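Here is a briefing for a reader who is meeting this structure for the first time. Please keep the sequence and the 3D view open while reading.

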Amino acid sequence: MCSINKTCVGGTSATSHYASLNMTPPMKEALKKPYGLILITGPTSSGKTTTLYAMLSKLNKEEVNVLTLEDPVEYYLEGVNQSQVRPELGFDFAKGLRHLVRQNPNIIMVGEIRDSETADAATQATLTGHIVLATLHTTNALGVVPRLIDMGVEPFLIPAILNIAVAQRLVRTLCPHCKESVVPKPEIKDIILAEIEKLPPLIKKDLKLPKVLKIYESKGCKKCNNFGFFGRTGVFEVLKMTDQLAEIIIKGVTEANIQEEALRQGFIAMKQDGILKVLEGITTIEEVLRAAADIRVITK
């Protein structure tokens, strides 16, 4: 299984796996829209840029004009016109983005929305009918809307421009050659069951747990250089724009009402997504708890 942020070892570039990426239904829906802002958020080194490239690989077709503005250019994609910002020359994200819009693009990728000027430029680009993909620094997906407002984007514009907000972290994946199932310790089992209990009803309904709960561990082998892990994958949470969320934004955003709408959407927090990957044998509970230590799971 190749996840959206898989970083492979053994000399294989992540770009070679773009064709087999698995995205959540809200991500796929967002990529099908003719315009709008797609934001990927998370701390430094959480795989945000790789996710943007993965999305670009889905959108990159011969009949569309794809332009990027990056700092630096991390991967090179055939058919994509990529440029690097030069702040020392006065070519920053905000000025570069306004320059790119004049080149009649269909899709624009912006490495990072760092300030109000870049946020304004991204807003204007989206309002004029472009698909804009960018990264943003917030703790979770629920913080994207308040962050945009803090950066000066008018609340009434956000429902018109924002398609989806995705937050992510990276976890190491277990080596498929030496991993084996084990019965978790009671305290680990309690953590897993507690997170499963917080899952949205539709997800929990389809989740069938065995009578004896099993997770996976690996001791290491020659194929993983005795590390026990082979590559990385992402844990995600996704908040999409809906009529209900649009109404909340226009009336006045609070943490409580965004959480309420997230629950209505069947929101799965990163920690919960990680727990599901633990049960699938993709990663370990320790990796998930480390990666999602700063993420609070929302409940009713």
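The points below go from the sheet to its helices, and then to single residues and loops.

The model is a predicted one. It holds an open sheet of seven strands, in the order S3-S2-S4-S5-S1-S6-S9, with mixed pairing. Strands S3 and S9 stand at the edges with a single partner strand each, so that one side of each has no neighbour in the sheet. From one strand to the next, the twist averages 20°.

**Strand pairs in the sheet**

- Strand S1 and strand S5, the latter formed by residues 131-136, pair in the parallel sense over six bridges, and Ile 40 has Thr 135 in S5 as its bridge partner.
- Strand S6 (residues 162-174) pairs with S9 in the antiparallel sense, over ten bridges, and Ala 167 is the residue that stands opposite Glu 237 in S9.
- Strand S9 covers residues 229-240, and nine of its twelve residues are buried, so this strand is largely enclosed by the rest of the structure.

**Helices on the sheet**

- Helix H2 packs on the sheet, where it touches S1, S2, S3, S4, S5, S6 and S9, and its direction makes about 170° with that of S5.
- Helix H3 lies across S2, S3 and S4, and it runs at about 170° to S2.
- Leu 100 belongs to helix H3, which spans residues 93-101, and this leucine is buried, with a relative accessible area of 4%.
- Leu 100 and Leu 67 are 33 residues apart in sequence, while their C-alpha atoms are 7.1 Å apart in space.
- When neighbours within four places in sequence are left aside, the residues in contact with Leu 100 are Leu 67, Thr 68, Leu 69, Ser 83, Pro 105 and Ile 108.

**A helix pair and an enclosed helix**

- Two packed helices are described by the angle between their axes and by the distance between those axes.
- For helix H9 (residues 243-251) and helix H10 (residues 255-264), the angle is about 180° and the axes are 10 Å apart; because an angle over 145 degrees counts as roughly antiparallel, H9 is described as roughly antiparallel to H10.
- On the H9 side the contact is made by Gln 244, Leu 245 and Ile 248, and on the H10 side by Asn 257, Glu 261 and Arg 264; sorted by class, these are two nonpolar, two polar and two charged residues.
- Helix H11, made of residues 270-279, has ten of its ten residues buried, so this helix is largely enclosed by the rest of the structure.
- The buried residues of H11 include Lys 271, Asp 273 and Lys 277, as well as Ile 275 and Leu 276, and the buried residues of this helix pack against S6, H7, H8, S8, S9 and H12.
- Just after H11 comes Gly 281, which takes a positive phi of about 85°.

- Arg 169 is found in strand S6 and, at 5% relative accessibility, counts as buried; its side chain reaches the backbone oxygen of Thr 139 at 3.0 Å.
- Ser 218 is found in strand S8, and its relative accessibility of 19% makes it count as buried, because the cut-off for buried is under 20%.
- The side chain of Ser 218 reaches the backbone oxygen of Gly 228 at 2.4 Å.
- Leaving aside neighbours within four places in sequence, Ser 218 is in contact with several residues, among them Leu 174, Cys 175 and Phe 229.

**Backbone features in the loops**

- The peptide bond from Asp 71 to Pro 72 is cis, with omega near -5°, and Pro 72 is found in the loop between strand S2 and strand S3.
- Ser 45 lies in the loop between strand S1 and helix H2, and its phi is near 65°, which is a positive value in a residue other than glycine; this serine is exposed, with a relative accessible area of 62%.
- Asn 225, in the loop between S8 and S9, has a positive phi of about 55° although it is not a glycine, and at 58% relative accessibility Asn 225 counts as exposed.

Methods
Residues numbered from 1 in each chain as written. Predicted model: local features only at pLDDT ≥ 70, side-chain atom pairs only at ≥ 80, totals over all residues. Heavy atoms only, no water. Axes fitted to C-alpha atoms, helices over the stretch in contact; angles between N-to-C directions. Helix = DSSP H or I, 4+ residues; strand = E, 2+ residues; numbered from the N terminus. Parallel < 35°, antiparallel > 145°, perpendicular 65-115°, else oblique. Contact = heavy atoms within 4.5 Å. Nonpolar A, V, L, I, M, F, W, Y, C, P; charged D, E, K, R; others polar. Buried < 20%, exposed > 50% of the residue type's maximum accessible area, 1.4 Å probe, protein only. Pairing = 2+ DSSP bridges. Polar contact = N/O pair within 3.5 Å; in protein donor to acceptor, adjacent residues only side chain to side chain.
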